[in-house]
Amino acid sequence: MSHMFLLRSIGSESVLISLLSCTTNQVRLTVSPSSSQIFRRESVSLSCEDEDRPDGWTVRRNTTKGEVSQCGGGWGRSDGSSCTIKFAFPVYSGSYWCESSDGSTISNMINLTVSGGSVILQSPVLPVMEGDDVTLTCRTETATSNLPADFYKDGSFIRTEPAGHRAIHHVSRSDEGQYKCNMSGHGESPSSWISVTGTTSTTPGSTTSTPPSDPPVFLFVVPPVCVVVLLVLLVLLVRRCVHRKHAG
């Protein structure tokens, strides 16, 4: 839902208070390949998925340098509600999201890291459901076969995996955190945040949703229309209060 409204009675009249929540669960940004890290000069596709409104979305980003722009404006090739980056570069690292044409609605945000190094950690770019299995892959740009890799979570060593794959079975909330890997003789990957979401049982036959923890993002974006609406409502409320004070 893009907007929620609350009616509060003051005397014989009602004042409309708009509680703005300018994000939506209807549109979702997906990435292919589905990895939060890629090597420089690799290609990546970003798509805005919305069954009710397949068109009318634009992929936007905020890089780690604080540059906010949309696909096709100097980077990527826009095709409807999709964006294709043929050759990615480290300066493309940042937060990506879908935004409606009027700027009133945005999707989930995805953090994408384009590595200029020789090692990356391939990990889920979207939140993982509790109970699912996840595989983290430590990948080097030059090796043609899987190599041993050390895996770390929140800065602490987990273990060495002989084939460079770290399997996490039946993911739980305790698995959420910052992961990276290291390959001897090749280097260390950037860190990536893995979010865990799901449902927690409360009573037999019922569940309550447990929202995912917010990963570190480069910018929290508020669509301009939300700011305008909020300011207009604030001005109206102040004028009403002043009018009632003079009338009294």
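Mentor: Let's start with Thr-63, which has its place in strand 6, residues 57-63. Strands here are DSSP runs of E with at least two residues, and helices are runs of H or I with at least four, both numbered from the N terminus. This is a predicted model, where local features need pLDDT of at least 70, side-chain atom pairs count only at pLDDT 80 or more, and totals for chains, interfaces and linings use all residues. Residues are numbered from 1 along each chain as its sequence is written, and side-chain values use heavy atoms, with hydrogens and water left out.

With a relative accessible area of 3%, Thr-63 is buried, a word that means under 20% with a 1.4 Å probe, counting protein chains only. Beyond its neighbours within four places in sequence, Thr-63 is in contact with Val-91, Ser-93 and Gly-94; contact means heavy atoms within 4.5 Å.

Now step back to the chain. It has one helix and 22 strands, and buried residues make up 35% of its 248 residues. Of the contacts between residues at least 6 apart in sequence, 56% join residues at least 24 apart.

Conventions
Buried < 20%, exposed > 50% of the residue type's maximum accessible area, 1.4 Å probe, protein only.
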